[in-house]
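Here is a short tour of a chain and the way its parts pack together. Have a look at the sequence and the model first, and then read on.

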Amino acid sequence: MDRNSGLGDNYGALRQRCSDLFRRGIDIGKIGMAVAAQELSNTLNPFQIVFLRTSVGLVIVLAPASIMKWAQFRTHWLGFHLARNMVHYGANFLWVAGVGLIPLAQVFALEFTIPIWLAILAVLF
């Protein structure tokens, strides 16, 4: 029996609506973070802004993780994850520092080229 058989023809439309909502949420999050980083850059340095962003993200991740089994988070790739997180933290710092230096119009113009870069890099790699 097909897992989607109870949903009928509406399954495709439901997936499309969920995809649209997810994409809008991502855009709103990117815009909100850019505006917040731009405004905070006048009073806080990039390390403080990234610390605040990381703290909020940690709370958001730990809230549902606290009700799950911690064994699900066990990994054999701890070194890889630490290296990846250090690169990600550095990229966040550079992004926040850059957002504080250029106008928001240029920030959004650069950020909305991400799908193009993803398509190009997907072909290359």
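How many helices and strands are there in the chain? There are five helices and zero strands, and read along the sequence the pattern is α-α-α-α-α. Helices here are DSSP runs of H or I with at least four residues, strands are runs of E with at least two, and both are numbered from the N terminus. Please keep in mind that this is a predicted model, in which local features need pLDDT of at least 70, side-chain atom pairs count only at pLDDT 80 or more, and totals for chains, interfaces and linings use all residues. Residues are numbered from 1 along each chain as its sequence is written, and side-chain values use heavy atoms, with hydrogens and water left out.

**Overall form**

The C-alpha trace spans about 60 × 40 × 35 Å along its principal axes. The chain has a radius of gyration of 19 Å, whereas a compact globule of 125 residues would have one near 14 Å. That radius is taken over C-alpha atoms, and the globule rule is 2.2 Å times the number of residues to the power 0.38. Buried residues make up 12% of the 125 residues; buried means under 20% relative accessible area, exposed over 50%, and partly exposed in between, with a 1.4 Å probe and protein chains only. Among contacts between residues at least 6 apart in sequence, 70% join residues at least 24 apart, where contact means heavy atoms within 4.5 Å.

**How the helices cross**

Axes are lines fitted to C-alpha atoms, for helices over the stretch in contact, and the angles run from 0 to 180 degrees between N-to-C directions.

| Helix pair | Axis distance | Crossing angle |
|---|---|---|
| H1 (residues 10-40) and H3 (residues 78-101) | within 8 Å | roughly 70° |
| H1 and H4 (residues 104-111) | 11 Å | about 145° |
| H2 and H3 | within 9 Å | roughly 125° |

H2 is therefore oblique to H3, while H1 and H3 are roughly perpendicular to each other. For these words, angles under 35 degrees count as roughly parallel, over 145 as roughly antiparallel, 65 to 115 as roughly perpendicular, and the rest as oblique. The crossing of H1 and H3 is right-handed, the crossing of H1 and H4 is right-handed, and so is that of H2 and H3. A crossing is called left-handed if the near helix is turned anticlockwise from the far one by less than a right angle, and right-handed if clockwise.

**The contacts, pair by pair**

Which residues bring H2 and H3 together? From H2 come Pro-46, Phe-47, Ile-49, Val-50, Phe-51, Arg-53 and Thr-54, and they meet Tyr-89, Asn-92, Phe-93, Trp-95, Val-96 and Ala-97 in H3. By type, the residues of this contact are 10 nonpolar, two polar and one charged. In this count Ala, Val, Leu, Ile, Met, Phe, Trp, Tyr, Cys and Pro are nonpolar, Asp, Glu, Lys and Arg are charged, and the others, Gly among them, are polar.

Asn-92 lies in helix H3 and counts as buried, at 11% relative accessibility. Leaving aside neighbours within four places in sequence, Asn-92 is in contact with Val-50 and Arg-53.

Turning to H1 and its crossing with H3, the contact is made by Met-33, Ala-34, Ala-37 and Gln-38 of H1 with Trp-95, Val-99 and Gly-100 of H3. These residues divide into five nonpolar, two polar and no charged.

With H4, H1 uses Lys-30, Ile-31, Ala-34, Val-35 and Gln-38, which face Leu-104, Val-107, Phe-108 and Glu-111. This contact has six nonpolar residues, one polar and two charged.

Setting aside neighbours within four places in sequence, Gln-38 is in contact with Val-99, Gly-100, Ile-102 and Leu-104.

**Two residues with more open surroundings**

Asn-42 sits in the loop between H1 and helix H2 (46-65) and is exposed, with a relative accessible area of 65%. Asn-42 and Phe-73 are 31 residues apart in sequence and 38 Å apart in space, C-alpha to C-alpha.

Gly-25, found in helix H1, is partly exposed, with a relative accessible area of 41%. Its C-alpha atom is separated by 22 Å from that of Ala-91, 66 residues apart along the chain.
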